[in-house]
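Hi there,

Here is the structure I promised to pass on. Have a look at it first, and my notes on the ligand site follow below.

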Amino acid sequence: MNKRYLVALDQGTTSSRAVIFTVEGHVVASAAQEFKQYYPNPGWVEHNPGDILSTQIESLRAAVRTAGIDPNEIAAIGITNQRETTLLWERSTGKWLYNAIVWQCRRTAPYVEKLVKAGYGDLIREKTGLVPDAYFSGTKLQWLLDALNVRDRAEKGELCFGTIDCFLAWNLVKGHPHVTDATNAGRTMLFNLHTQEWDDELLKLMDIPRALLPRVIDNAEIIGMLDDSILGCPIPVAAMAGDQHASLFGQACFEKGMAKNTYGTGCFMLMNAGNEFRLSDHGLLTTMAWRLNGKPTYALEGSVFMGGATIQWLRDEMKFVKQAKESEAIATSIPDSDGVYLVPAFTGMGAPHWSMYARGTLFGMTRGTGRAQIVRAGLESIAYQSRDLFEAMAQDIGEKPATLRVDGGATANDYLMQFQSDIAGVAIQRPAVLETTALGAALLAGLAVGVYPDLPSTAAGWHVEKKFVPAMDADRRAQLLHGWERAVKAVLFWAKDE
Ligand code: ADP
């Protein structure tokens, strides 16, 4: 049978999706199922592992049905996933011991504080590239072992730890392989990015028995065959990658300095940093881009907490727009934002400014300021924050890249994209396929099974749908940036005395 399709399982925070691509990279069909979020205590977030499995399997079946294809035509399946979310199950039965602890969950903040107070912050950063935080899996696993009192069982090898990629592979692939990939391992705070192995010193620090841990594999590697019960035939499951890494791959950012920014609720920017591990001077994370044939490629990562969420705020709280997309017409109804800046630090500011206590602030209003100026300032704030990340990354790697590739819901806004290009002084490339996360997982799987002979040939399906080039003169850019920088400085000053 002609193997014409590649499938991505995209297990996200609020839904499980499956996307079917042709081997040329076109979307044939997709399906998604949402599942319930559990908030058992303030700041805690959990998922039911059974829900994750059932929604993932159902969406895969639904996508195959919608596409009207024969599963025998699928060349390979790739998995991509919400990162850091932590699970523990019994090796002999597969029964989970507790709900999945979701990346957003803050329950282990005191564990992290203890590690940092004891002076381990730099050690963790130098080994893992991560700034210690409850976000990563290590302390979540530590919490599970403590709360369930199962360290003895873990030491005897009776239990398995895994992030979602690992959990899906265990449950969907014949023979229950216990594996994770290097990008997901890299988000645990237990994985040494230099040696590409679990790190004994870190394991000891968080009191994690090694017998719990999955084997770490490459991003394009045949894990095994999909269990026949799922689609009625065996199909190679041949790739795993955390969502942001899959998206960097799906954007074909294969060279050092190539970067992508995803404009969703928040913005996630990753820049390919080449084959040498380097720590950021700006508080960015160092993470895996991917590992192929045992060879690591690294990336710098930063996020904007309030990206598209700024527009949601303008819509839901301020009632300035009825729909997010209206923001474009309102913003372009005036020639400029008239000196108004919104710093949407509603939940503090991330890289490169880092302030937990910063709060949202509007600057530069006059008697004539109205809804249009504030909406425009809201859109521009997404671009200014992304520009700050991009500049920080450029300084870290020592070169300023000429382009930035984009995806995510808010990239539909042409005004935002043009302003991004103007203010960052880079060309913006918006690809035809915006499903870059799913595409990345599918392409990695295709690479593993030989659909593509080499890395460059996976990019054949990547096409620019629209390009935005800087059109603002240098003086104007400098003037606007000066205003933004003053606004950020004022916000940080205000936060200092908290
Ligand atoms: P997520 O995956 O985080 O849910 P999406 O990629 O679906 O996010 O993007 C949705 C976000 O993009 C929302 O925060 C929304 O406010 C914003 N958004 C969507 N369309 C537009 C638009 N045309 N202009 C500005 N923002 C938009």
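By a polar contact I mean a pair of N or O atoms within 3.5 Å (within protein, one must be able to donate a hydrogen and the other to accept it, and residues adjacent in sequence count only if both atoms are side-chain atoms). Please keep in mind that this is a predicted model, where local features need pLDDT of at least 70 and side-chain atom pairs count only at pLDDT 80 or more, while totals for chains, interfaces and linings use all residues. Residues are numbered from 1 along each chain as its sequence is written, and side-chain values use heavy atoms, with hydrogens and water left out.

Now to the ligand. An oxygen atom of the ligand sits 3.5 Å from a polar backbone atom of alanine 309. At glycine 409, a backbone N or O atom is 2.8 Å from a ligand oxygen. For threonine 265 it is an N or O atom of the side chain, 2.6 Å from an oxygen atom of the ligand. The ligand taken alone exposes 580 Å², and the protein buries 66% of that (accessible areas by the Shrake-Rupley method with a 1.4 Å probe).

Which helix gives the most to the shell around the ligand? That is α11 (residues 308-316), with 4 residues; helices here are DSSP runs of H or I, at least four residues, numbered from the N terminus.

Helix α11 also packs with helix α13 (residues 371-397) at an angle of about 160°, their axes 8 Å apart. Axes are lines fitted to C-alpha atoms over the stretch in contact, and angles run from 0 to 180 degrees between N-to-C directions. The two helices are therefore roughly antiparallel (angles over 145 degrees).

Best wishes

Conventions
Parallel < 35°, antiparallel > 145°, perpendicular 65-115°, else oblique.
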